[in-house]
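Hi,

Here is the model I said I'd pass on. Have a look at it first, and my notes follow below.

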Amino acid sequence: MSFGDYLQIQRENKAFQVDIAITGAEVLATHAKTVRSANHTLYVQRIVLSITTHVATFSLTVQDDANTPVPIAKRTDLAGAAGVPDVIEWNFGPRGTALTAGKNLDYLANAGGSGFVGRLHIEGYEKQSATVNLGTAASAN
Amino acid sequence: MSFGDYLQLQRENIGFAYDIQTTANQLTTTVLRAVRSTKHRIYVQRIVCSIITHANAKVAITVQSSNATPVVIASHTDLTAAAGVPDVVVWDFGPLGTPIALGESLNYLYSTGGSGPVCRVHIEGYEKLEATINLTTAAGSN
């Protein structure tokens, strides 16, 4: 069986795919994907944000959970009107964009509440990126 | 094992992928990927610029060759967030990618003049040998 680029990389590593309903309520920094261990790195290949109800100035951010989070995508919504997109896609290519090693993938949305409504889809993979100490950390890797 | 178009080219040659977190502070011309030798050529398949914080009229990213007169292959000047202003800009040069000059490195710069946008930039592509190697003088670097 053969796959295209995106799935091939996912099959070679440990794939993930998350779908999240954005309800309009405030979401504080929340794990969309928990990294397998401190020795793994998460790679995000694609983020799709489908907005079904627009509310101006409210935003969604996708970031890692480092002490100083590193954002990889952010969208601030606008009032629904001609030219305002209902879907935003971040396509980071088959290799994907890397988070900080050992960090989880977080998202946060609609600070203050009563924000936009939509569906968030994220897919990618994780791979071991540091040496595993079999004596102390084998079970976590 | 099989690959799609983009990765197939990367696997057949010397693939690369880079992630850059740009800041509001100006970054002058910097080497992203140093070409392997004067006989190699770098091909860029895809550049993705995800804008986290917009800054009007400021350079989000410029990607260019290292020639004395750089050849720019991609540049985006940001705007204030508004209808039609993208949060993500994708340059998809296809699986074969767009080449830069033979033997030149791949450079980038951003936030010219300072107070620029904050972005995540992802760049991937490959490099391949495209000129005859003189084994007696340059084998080690090829």
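Predicted model: local features only at pLDDT ≥ 70, side-chain atom pairs only at ≥ 80, totals over all residues.

Between chain A and chain B, 16 residue pairs are in polar contact, both residues being at pLDDT 80 or more; a polar contact here is a pair of N or O atoms within 3.5 Å, where within protein one must be able to donate a hydrogen and the other to accept it, and residues adjacent in sequence count only if both atoms are side-chain atoms. On chain A, the elements that give two or more residues to the side touching chain B are helix 1 (5–12), strand 5, strand 6 and strand 7 (97–98). Strand 5 of chain A has the largest share of that side, with six residues. By type, the residues on that side of chain A are 15 nonpolar, nine polar and six charged.

Residues are numbered from 1 along each chain as its sequence is written, chains are lettered from A and ligands numbered from 1 in the order in which they are written, and side-chain values use heavy atoms, with hydrogens and water left out.

More on the interface: 30 residues of chain A are in contact with 29 of chain B, contact meaning heavy atoms within 4.5 Å. The buried area between the two chains is about 2200 Å², and carbon and sulfur atoms give 51% of that; this is the accessible area (1.4 Å probe) that two parts lose on being put together, summed over both. The rule finds two salt bridges across the interface of chain A and chain B, each being a side-chain nitrogen of Lys or Arg within 4 Å of a carboxyl oxygen of Asp or Glu. A:Arg75 forms a salt bridge with B:Asp87, with the closest N and O atoms 2.8 Å apart.

On to the fold of chain A. There are two helices and nine strands in chain A, in the order α-β-β-β-β-β-β-β-β-β-α along the sequence. Helices (H or I, at least four residues) and strands (E, at least two) are DSSP runs, numbered from the N terminus. The C-alpha trace of chain A spans about 55 × 35 × 20 Å along its principal axes. Of the 141 residues in chain A, 50% are buried, where buried means under 20% relative accessible area, exposed over 50%, and partly exposed in between (1.4 Å probe, protein chains only).

The largest nonpolar core has 28 residues, and A:Ile47, A:Leu105 and A:Ile122 have the most contacts inside it. Such a core is a set of buried Ala, Val, Leu, Ile, Met, Phe, Trp, Tyr and Cys residues joined through side-chain atoms within 4.5 Å. Strand 3 of chain A gives the most to this core, five residues. Leaving aside neighbours within four places in sequence, A:Ile122 has contacts that include A:Phe16, A:Val44, A:Ile47 and A:Leu105. Another core, of 23 residues, lies apart from this one, and B:Phe16, B:Ile20, B:Leu106 and B:Val121 are among its members.

Helix 1 of chain A has A:Asp5, A:Tyr6, A:Gln8, A:Ile9 and A:Gln10 buried. The cover over them includes strand 1, strand 3, strand 6 and strand 9 of chain A, as well as helix 1 (5–12) and strand 3 (40–53) of chain B.

A:Gln45, in strand 3 of chain A, is buried at a relative accessible area of 0%, and its side chain reaches the backbone oxygen of A:Tyr6 at 3.3 Å. A:Ser37 sits in the loop between strand 2 (27–33) and strand 3 of chain A and counts as buried at 8% relative accessibility. The side chains of A:Ser37 and A:His40 are joined by a polar contact of 2.8 Å.

Last, the backbone. Most residues other than glycine have a negative phi. A:Ser114, not a glycine, has a positive phi of about 60°; A:Ser114 is in the loop between strand 8 and strand 9 of chain A and is exposed, with a relative accessible area of 64%. B:Ala57 has a positive phi of about 65°, lies in the loop between strand 3 and strand 4 (59–65) of chain B, and counts as exposed at 54% relative accessibility.

Cheers

Methods. Nonpolar A, V, L, I, M, F, W, Y, C, P; charged D, E, K, R; others polar.
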